[in-house]
Amino acid sequence: MAQTQPCVLVVEDEGAQREVLKYNLEAEGFDVVLAENGDEAMLLVAEEQPDLIVLDWMLPNVSGIEVCRRVKADPSTRQIPIIMLSARSEEVDRVRGLETGADDYVVKPYSVVELMARLRTQLRRTRPASMGERLSFGDIILDAGEHRVFRGGQPLHLGPTEFRLLSTLMEKPGRVWTREQLLDRVWGRDIYVDTRTIDVHVGRLRKALMAHGGDNPVRTVRGTGYSLG
Ligand code: CA
């Protein structure tokens, strides 16, 4: 596994549909969190910072469109891809017309195969390393599918933790990560690891990246954490 698996939030008020989605998403290797309504969805978006949201249009109280609007209005969550599910194609037309910012739309009854394909398309864009893509930054190439790293054409030897750390950093060059965010992403949220552990692994990663020369590409951001470039 290149990284902790993407976390998908499913927002659906119908229990049976929720369970079908959970079953299929888990079978694809994703972490799944479930919400029954819009309020619960907004809480989970803040708490879990999901990598993608599958959002039903028809929800009691706060509608799917309102959830979508709120997620896309908040700068800290607007990058999360949203796939809207709707019962009728006219609703999809309305979603498009309303410009809620949803990234994709699937009409019910949908084929699970199609929904998963749409989901993977979104995640290849936002979580490329976790989807086995090949990433590059300067002269560094990370092949998440082959689990290999090269710098200036030379293969590098990284431990599994350093590989996950580098793939996380390479997904978002220039982003400043706090130690806590890196721990969540690289070790997983359910494991307790001292934040100083991250400094040890960043040190090892830098050493591995500079094994054949070249500058240190991992920047320490004082008082915050780390960024690539
Ligand atoms: Ca519904």
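Entry 1, the domain boundary. I looked up the side chains of Asp 51 and Arg 185 and found them joined in a salt bridge, at 3.6 Å from N to O. I count a salt bridge when a side-chain nitrogen of Lys or Arg lies within 4 Å of a carboxyl oxygen of Asp or Glu. Between domain 1 and domain 2 I get 2 salt bridges. On the side of domain 1 that touches domain 2, helix H2 (38-48) and helix H5 (112-126) each give two or more residues. H5 gives the most, with 4 residues.

The model is predicted: local features need pLDDT of at least 70 and side-chain atom pairs pLDDT 80 or more, while totals for chains, interfaces and linings use all residues. Residues are numbered from 1 along each chain as its sequence is written, and side-chain values use heavy atoms, without hydrogens and water.

I took the bounds, 7-127 for domain 1 and 131-228 for domain 2, from an automatic or database domain assignment. Their centres, over C-alpha atoms, are 30 Å apart. I find 10 residues of domain 1 in contact (heavy atoms within 4.5 Å) with 6 residues of domain 2.

I number helices (DSSP runs of H or I, at least four residues) and strands (E, at least two) from the N terminus. Of the 12 residues of H6, 11 are buried, so the helix is largely enclosed by the rest of the structure. Buried means under 20% relative accessible area, exposed over 50%, partly exposed in between (1.4 Å probe, protein chains only). Among the buried ones I noted Phe 163, Arg 164 and Met 170.
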